[in-house]
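Visitor: I would enjoy a guided look at this one, please, a question at a time.

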Amino acid sequence: MNTELFRMLKRITPEEKAALDGQKNVQWSIYTDAPQQSVIEHEKLLTENRLITARKHTRFVYFPPHTHDYVEFFCVLSGSITHRVEGRELVVSSGELLLMNQHTEHEILPCGADDLAINLIIMPSFFEEVRQMVGRDNFLAEFMLNILQQEDSAAQYLYFAVADDLCIQNLVENIVYTILCKQHNEERVLSVSVALLFLHLLNAAEQVQIPIKATQEQGNALVLAAEQYIREEYRGGTLNELARRIGYSAPALSRLIKKYTGTTFKELQTKQRMEQVMHLLRDTDQPINEIAASVGYENQSFFYKRFQREFGMSPKEARQKLRNRVT
């Protein structure tokens, strides 16, 4: 990070000074008018009619379990900061990002002088335009839909391990600069920069973890995550890799997929592969052996047996039927 920005962020705020002087509890009056409800209110942090703003995370103090009535994007710039999100401990280190919707309960452990972070405070309506930019059928689109629906039971968060992504790190630094240096058209610059940040995060899908609660209410979200992964990685995707991405052990994830879909990861993957095979048989003249290899079947004999079991005919017969149907 730019040395001057780092120096500015290290300055002790009045709230931090109070903590260093012995005030170890959160000054709830800064964040909410109803501390007993443990919901931080956007009216306390956002000026009227703004959809997005940011503030430096307050060091040296413990934030007990709470939610927000806005979306929080927590960007760690130096050191590391420990969260407990929906009961799960998560250490967010320098260059990493944590995105939480407005229903996600979390707590933050006290951090030291060199542990620096920025909270982006974002109103749900901000995502109406951004969702159009990121398209459909991807993890960010689903996350934003959840935000816009504002379902009370739909707590969700995304954790981005993107410390090595130069484009993302540059965007975050630009956002910090805009905040600290009070640029002209600050809100507009922030809005565009955050929208660009989401587009770059979409390109970094392999660095995102999508932890999903194993409850009946979250069953649909689990199925969506599995189906999206299989659509993208049907050639060589594995249960172990999917489990790593969404924060489960492979055996536990296998049981949950079976519970919520009535089938297995392997069977879902096979279905996706066979759909692609049928598409290629119908629309291309590619040799059948090449088609099998292109969707992940190295063993040709196994492919032919599996296809016969799935469709009750050979690939050659299926191609002929498909072509006759078209004509």
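Predicted model: local features only at pLDDT ≥ 70, side-chain atom pairs only at ≥ 80, totals over all residues.

Visitor: Thanks! How many helices and strands are there in the protein chain?

Guide: The C-alpha atoms fill a box of roughly 80 × 40 × 35 Å along the principal axes. Among contacts (heavy atoms within 4.5 Å) between residues at least 6 apart in sequence, 70% join residues at least 24 apart. The secondary structure of the chain consists of 13 helices and 11 strands.

Visitor: What percentage of the residues in the protein chain is buried?

Guide: Buried means under 20% relative accessible area, exposed over 50%, and partly exposed in between (1.4 Å probe, protein chains only). The chain has 327 residues, and the buried share of them is 48%.

Visitor: Which residues of helix H1 are buried, and on which side or sides of H1 do they lie?

Guide: In H1, which spans residues 3-10, the buried residues are Leu5, Met8 and Leu9.

Visitor: Which elements do the buried residues of H1 pack against?

Guide: Both strands and a helix are involved here. The strands are E2 (52-56), E4 (71-78) and E9 (116-122), and the helix, at residues 166-181, is H5.

Visitor: Why do the buried residues of helix H8 share a side of H8?

Guide: H8 covers residues 239-246, and its buried residues are Leu239, Leu242, Ala243, Arg245 and Ile246. They share a side because the arc they cover around the axis is only 160°.

Visitor: What is the volume of the largest cavity?

Guide: On a 1 Å grid over the protein atoms alone, a cavity is a set of points where a 1.4 Å probe fits but cannot get out; a pocket is an open set with protein on both sides within 12 Å along at least five of seven lines, and lining residues have an atom within 4 Å of a point. Grid points are joined across faces, edges and corners, and a volume is the space filled by probe spheres set on the points. The structure holds one cavity of 30 Å³ or more. The volume of the largest cavity is about 110 Å³.

Visitor: Which element gives the most to the lining of the largest cavity?

Guide: The lining has 14 residues, and those closest to the centre are Tyr31, Ile40, Phe63, Glu72 and Asn119. Strands E3 (63-68) and E9 are the elements that give two or more residues. With three residues, the one that gives the most is E3.

Visitor: Where does the largest share of the lining of the second largest pocket come from?

Guide: This pocket has a volume of about 330 Å³, and of its 17 lining residues the closest to the centre are Ala54, Lys56, Ile179, Leu180 and Lys182. H1, E2 and H5 each supply at least two residues. The largest share, four residues, comes from E2.

Visitor: Which residues does serine 193 contact, leaving aside neighbours within four places in sequence?

Guide: Serine 193 sits in helix H6, residues 186-203. It counts as buried because its relative accessibility is 11%. Its contacts beyond those neighbours are Leu171 and Ile175.

Visitor: How far apart are the C-alpha atoms of phenylalanine 143 and alanine 221?

Guide: Phenylalanine 143 belongs to helix H4, residues 139-149, and is buried, with a relative accessible area of 1%. Not counting residues up to four places away in sequence, it touches Leu99, Met100, Asn101, Gln156, Tyr157 and Leu158. Alanine 221 is 78 residues away along the chain, and the C-alpha separation is 9.5 Å.

Visitor: Last one: what is the phi of phenylalanine 60?

Guide: Phenylalanine 60 lies in the loop between E2 and E3 and is buried at 14% relative accessible area. It is not a glycine, yet its phi is positive, at about 70°.

Definitions and conventions: Residues numbered from 1 in each chain as written. Heavy atoms only, no water. Arc of directions from axis to C-beta.
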